Amino acid sequence: MVGRKPRFSEEEKLSMLARMNNGENVSRLADELGIHRQRLYAWREQLRTCGNLRA
């Protein structure tokens, strides 16, 4: 089975999380990016537990 290409790079995800941590509205940020806001929270949790955002 061939994996699909990630939509966002690790650097892009870190940038999005920085915006989130700087107080930007998470729902609006998710709408702008075309993703569910829970995806942002999942990335934040992955960064906390794994130390990176590589899939």
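Is Glu-32 buried or exposed? Glu-32 has a relative accessibility of 54% and therefore counts as exposed, the cut-off for that class being over 50%. The model discussed here is predicted.

## Overall architecture

The protein has three helices and zero strands, and its elements run α-α-α from the N terminus on. Helix H1 spans residues 10-21, helix H2 residues 26-33, and helix H3 residues 37-50.

Of the 55 residues in the protein, 25% are buried. Among contacts between residues at least 6 apart in sequence, 43% join residues at least 24 apart.

## Helix H2 and its two faces

Four residues of H2 are named as buried: Val-26, Leu-29, Ala-30 and Leu-33. Viewed down the axis of H2, the buried residues fall within an arc of 100°, so they line one face of the helix. These buried residues of H2 pack against H1 and H3.

The face of H2 turned away from the buried side carries Arg-28, Asp-31 and Glu-32, which are exposed. Ser-27 also lies in helix H2. With a relative accessibility of 36%, Ser-27 counts as partly exposed, because that class covers values between the buried limit of 20% and the exposed limit of 50%.

## Packing of H2 on H3

The axes of H2 and H3 come within 8 Å and cross at roughly 105°. H2 is therefore roughly perpendicular to H3, since angles of 65 to 115 degrees are placed in that class. On the H2 side, the contact is made by Val-26, Ser-27, Leu-29, Ala-30 and Leu-33; on the H3 side, it is made by Arg-37, Leu-40 and Tyr-41. Sorted by class, the contact of H2 with H3 has six nonpolar, one polar and one charged residues.

## Packing of H1 on H3

The axes of H1 and H3 come within 10 Å and cross at roughly 105°. This makes H1 roughly perpendicular to H3. H1 contributes Lys-13, Leu-14, Met-16, Leu-17, Met-20 and Asn-21 to the contact, and H3 contributes Leu-40, Tyr-41, Trp-43, Arg-44 and Leu-47. By class, the contact of H1 with H3 has eight nonpolar, one polar and two charged residues.

## Salt bridges

How many salt bridges does the structure hold? There are three salt bridges in the structure. Arg-19, Glu-24 and Glu-32 are linked in a network of such bridges. Arg-19 and Glu-32 form a salt bridge in which the closest N and O atoms are 3.0 Å apart. This pair links distant parts of the chain, with Arg-19 in helix H1 and Glu-32 in helix H2, 13 residues apart. The side chains of Arg-19 and Glu-24 also meet in a salt bridge, at 2.6 Å from N to O. Arg-19 counts as partly exposed at 26% relative accessibility, and Glu-24 counts as partly exposed at 30%. Glu-32, by contrast, counts as exposed at 54%.

Arg-54 forms a salt bridge with Glu-10, and the closest N and O atoms of that pair are 3.5 Å apart. The two residues are 44 residues apart and link distant parts of the chain: Arg-54 is in the segment after helix H3, and Glu-10 is in helix H1. Arg-54 counts as exposed, with 56% relative accessibility.

## The segment before H1

Where does Arg-7 lie? Arg-7 is placed in the segment before H1. Its relative accessible area is 59%, so Arg-7 is exposed. Leaving aside residues up to four places away in sequence, Arg-7 touches Glu-12, Leu-33, Gly-34 and Ile-35.

Technical notes: Residues numbered from 1 in each chain as written. Predicted model: local features only at pLDDT ≥ 70, side-chain atom pairs only at ≥ 80, totals over all residues. Heavy atoms only, no water. Salt bridge = Lys/Arg side-chain N within 4 Å of Asp/Glu carboxyl O. Buried < 20%, exposed > 50% of the residue type's maximum accessible area, 1.4 Å probe, protein only. Axes fitted to C-alpha atoms, helices over the stretch in contact; angles between N-to-C directions. Parallel < 35°, antiparallel > 145°, perpendicular 65-115°, else oblique. Contact = heavy atoms within 4.5 Å. Nonpolar A, V, L, I, M, F, W, Y, C, P; charged D, E, K, R; others polar. Arc of directions from axis to C-beta.
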